[in-house]
Amino acid sequence: MKSLTEDTRLSAEAYAERAGTRKAFFTDTSICIGCKACEVACKEWNRNPQDGNLEVLGSSYDNTGELGANTWRHVAFVEQDKDRIEKARESGRKLVNLGIPSVGPPSQGGPGPAGAGQNGTAPPDTAEFRWLMSSDVCKHCTHAGCLDVCPTGALFRTEYGTVKVQEDICNGCGTCVGGCPFGVIERRDEGIIRAKTERAQSQYAQEIPNPGTANKCTFCYDRLVDGQTPACAQTCPTTSIKFGDREDMVEQARQRVAELHKQGMTEARLYGANPNDGVGGTGSVFLLLDEPEVYGLPPDPRVPTKDLPRMYKQAVMAASGMIAAVGLSFVLGARR
Amino acid sequence: MVEKPQFSSYYGRAVVKAPPWGDEIAAYLFLGGLAGGSSLLSLGAQVTGSRTLQRNARLTALGAVGLGTVALVHDLGRPERFLYMLRTFKITSPMSVGSWVLTSFSTGAGVTAAVEVDRLTSQRLPLGPLRPVLYALEGPAEAQTALLAAPLCSYTGPLLSNTAVPTWNAARDELPFVFVSSAALAASGAALVSTPVRDTQPARALSALAAVGDVISMKLMKQRMHPAEAEPLQTGAPGTMLKWAERLAVGGAAGAVLLGRYRAPAVASGALMMGASALTRIGILRAGIASARDPRHTIEPQKARLQARQADGVVHDSITTAG
Ligand code: SF4
Ligand code: SF4
Ligand code: SF4
């Protein structure tokens with residue numbers, strides 16, 4: 001059986017003249033100040049319900065926790081001492097030495113993209129201590145596990161190359177939740193499995209839109225069709241969240257990482273820019289300052305659909321084995 | 001040399017999420033397997049002219065698939081939209097493929113079981129002129145269920161494995177074999193419970209084959225995983241369930257083979273085997289959910305495989321790049 005992962009060129013062709021260029025985010029965590037304006041803008045624009053019980057989670061300034069049905073942007077805060085900073089720098093140097101490729105040499109000429117320089121908004125890092133802050137979001141994968149496994153067709157590839165749920169189609173089967181290698185999409189429901197949703201709603205009671213269906217970042221589809229910038233990117237005061245055509249985003253990301261390397265920040269690296277990775281590259285490219293798992297990102301995500309042809313083959317073999325076993329049983333059973 | 005992976009995470013929070021699947025889904029896995037296995041038994045019984053076994057297996061198949069479907073629908077976030085499962089067919093989605101298999105199987109099982117009920121009640125079903133139609137459909141319906149029975153038992157392997165849930169995904173090569181063995185175990189167990197011993201020799205033979213398949217495929221499955229992926233199958237409540245599942249499977253099958261000629265031990269052995277199958281399903285379901293909850297099960301194997309590839313000189317496929 002040939003590959004079952006999506007050919008995004010065909011998906012784009014399906015839109016014919018309506019097809020736009022593939023849109024993407026480049027999230028430059030090196031200039032994120034952790035203001036969470038993106039989280040707020042996303043909540044407001046999409047009218048997403050409250051998550052959790054307004055508790056202090058004991059994880060630096062992060063009291064949001066993680067991405068989920070009601071949280072489509074999540075700002076991570078990591079506090080690191082001298083030791084960890086050194087280790088991050090070392091692991092970044094190793095990446096360079098391994099010859100982990102860039103997608104091509106970064107094109108020369110011109111300083112970094114607008115807003116990319118040290119523009120005074122970044123928190124003052126010292127040699128002894130630093131804060132990592134990163135605004136996480138759905139990756140809008142080239143090969144999206146969530147989309148592949150959705151049985152109803154509720155999840156679809158938009159004309160902007162992004163991945164979106166149709167809330168009126170989704171029947172809440174939850175398959176997509178397991179299909180996502182990044183733990184992004186989630187079903188919006190009240191405490192069946194997870195303690196976190198056992199929330200006391202009374203004081204902050206609000207209407208919950210689309211209950212029982214899968215929810216995640218829509219890439220502000222409703223804004224894109226109007227030629228607008230997604231709410232999170234538009235609100236970001238430091239331009240840490242950049243939005244544009246994917247090609248431009250990857251290009252900017254590569255220039256920025258080269259610039260940081262020149263400044264001796266070898267810990268800088270890109271996440272999601274490689275079209276050969278396990279998900280075919282992402283529509284949300286990140287510049288990280290440590291290993292991905294430090295930010296809660298998987299170090300080697302792989303869309304499960306890549307192995308699906310083999311899984312089907314095994315299932316067919318198992319089914320044949322079962323038929324043979326039943327047949328054999330009747331032969332053995334008849335002899336008595 | 002591959003370095004020992006160092007483990008760090010974001011405040012111990014999960015990297016991937018398990019689907020919101022409760023014990024209804026474990027029940028569905030068990031019942032779907034029971035239905036598929038029973039349907040194959042009924043076909044065999046038809047070929048060998050074992051009427052009682054055929055009738056009981058058909059009734060079991062319909063009962064199981066009916067209950068299983070209820071469990072499945074109940075676990076949806078929007079049960080009233082169940083039929084949306086059939087608004088499209090997607091080969092990339094085992095859930096979609098399975099929905100079609102399940103629906104077609106159930107239709108066939110419904111027809112054959114209706115015929116049996118009608119015969120049992122000496123044709124008292126209020127069928128009127130439709131009776132000949134129903135009886136004419138019996139053959140094709142039997143063929144349809146028999147054709148879809150084994151796929152119904154094995155598609156659930158890809159259903160769980162085609163996810164980012166570490167333990168399920170790592171089980172992808174062997175899980176269908178575990179599931180068909182477990183299905184055969186449940187179906188032969190049900191036959192031993194429902195059918196007089198003179199008709200159950202094939203079911204007894206099947207229980208032995210099923211138990212052997214179950215134990216071996218489970219062992220292989222755990223062996224081939226990264227230790228961090230196998231751990232949830234061996235520890236905690238799921239680990240205990242799976243340990244007992246193996247004991248019950250072996251005990252039940254041994255009882256069926258050695259004492260299956262006597263009615264009471266046959267019933268007891270059958271019950272043990274059905275219990276084994278149910279425990280296997282719930283254990284594997286819960287082990288997967290546990291594996292998603294702790295980031296170690298995701299990060300350690302991923303780092304290990306990434307480093308192994310890089311040690312082999314494969315450096316083009318990392319999601320993290322230097323530029
Ligand atoms: S990150 Fe997850 S939810 Fe987002 S597109 Fe990729 S697979 Fe889907
Ligand atoms: S929960 Fe909804 S979006 Fe997710 S796989 Fe099921 S139908 Fe598709
Ligand atoms: S693109 Fe829109 S939906 Fe997605 S995180 Fe940003 S504001 Fe939220």
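**Contacts between domains, chains and ligands**

Biologist: How many residue pairs are in polar contact between domain 1 of chain A and domain 2 of chain A?

Modeller: Two residue pairs, both residues being at pLDDT 80 or more. The model is predicted. On the side of domain 1 that touches domain 2, one residue is nonpolar, two are polar and three are charged.

Biologist: Why is the pair A:Arg302 and A:Asp307 called a salt bridge?

Modeller: The closest N and O atoms of A:Arg302 and A:Asp307 are 2.8 Å apart. The cut-off is a side-chain nitrogen of Lys or Arg within 4 Å of a carboxyl oxygen of Asp or Glu, so this Arg and Asp pair qualifies. The count between the two domains is one salt bridge.

Biologist: What makes up the contact between these domains, and how much area is buried?

Modeller: Six residues of domain 1 of chain A are in contact with four residues of domain 2 of chain A. The two domains bury about 480 Å² between them, and 45% of that is on carbon and sulfur atoms. Domain 1 spans 8-302 and domain 2 spans 304-336.

Biologist: Why is B:Arg13 with A:Asp62 called a salt bridge?

Modeller: The closest N and O atoms of B:Arg13 and A:Asp62 are 3.2 Å apart. That is within 4 Å, so the pair is a salt bridge by the cut-off. Chain A and chain B have seven salt bridges between them, and 39 residue pairs in polar contact.

Biologist: Which element of chain A gives the largest share of the side that touches chain B?

Modeller: Helix H9 of chain A, with 18 residues. By class, that side of chain A has 55 nonpolar, 30 polar and 21 charged residues.

Biologist: How much area do chain A and chain B bury, and which residues of chain A lose the most?

Modeller: About 7600 Å² is buried, with carbon and sulfur atoms giving 61% of it. The contact takes 106 residues from chain A and 81 residues from chain B.

Biologist: What makes a residue part of the shell around ligand 3, and how many are there?

Modeller: A heavy atom within 4 Å of the ligand puts a residue in the shell, so 13 residues pass for ligand 3. Among the closest are A:Cys42, A:Cys217 and A:Cys232. Helix H2 (37-46) and helix H7 (231-235) of chain A give two or more residues each.

Biologist: What surrounds ligand 1?

Modeller: 14 residues, A:Cys138 and A:Lys139 being among the closest. The shell divides into 10 nonpolar, two polar and two charged residues.

Methods. Residues numbered from 1 in each chain as written. Chains lettered and ligands numbered in written order. Predicted model: local features only at pLDDT ≥ 70, side-chain atom pairs only at ≥ 80, totals over all residues. Heavy atoms only, no water. Helix = DSSP H or I, 4+ residues; strand = E, 2+ residues; numbered from the N terminus. Domains from an automatic or database assignment. Contact = heavy atoms within 4.5 Å. Buried area = accessible area lost by both parts, 1.4 Å probe. Polar contact = N/O pair within 3.5 Å; in protein donor to acceptor, adjacent residues only side chain to side chain. Nonpolar A, V, L, I, M, F, W, Y, C, P; charged D, E, K, R; others polar.
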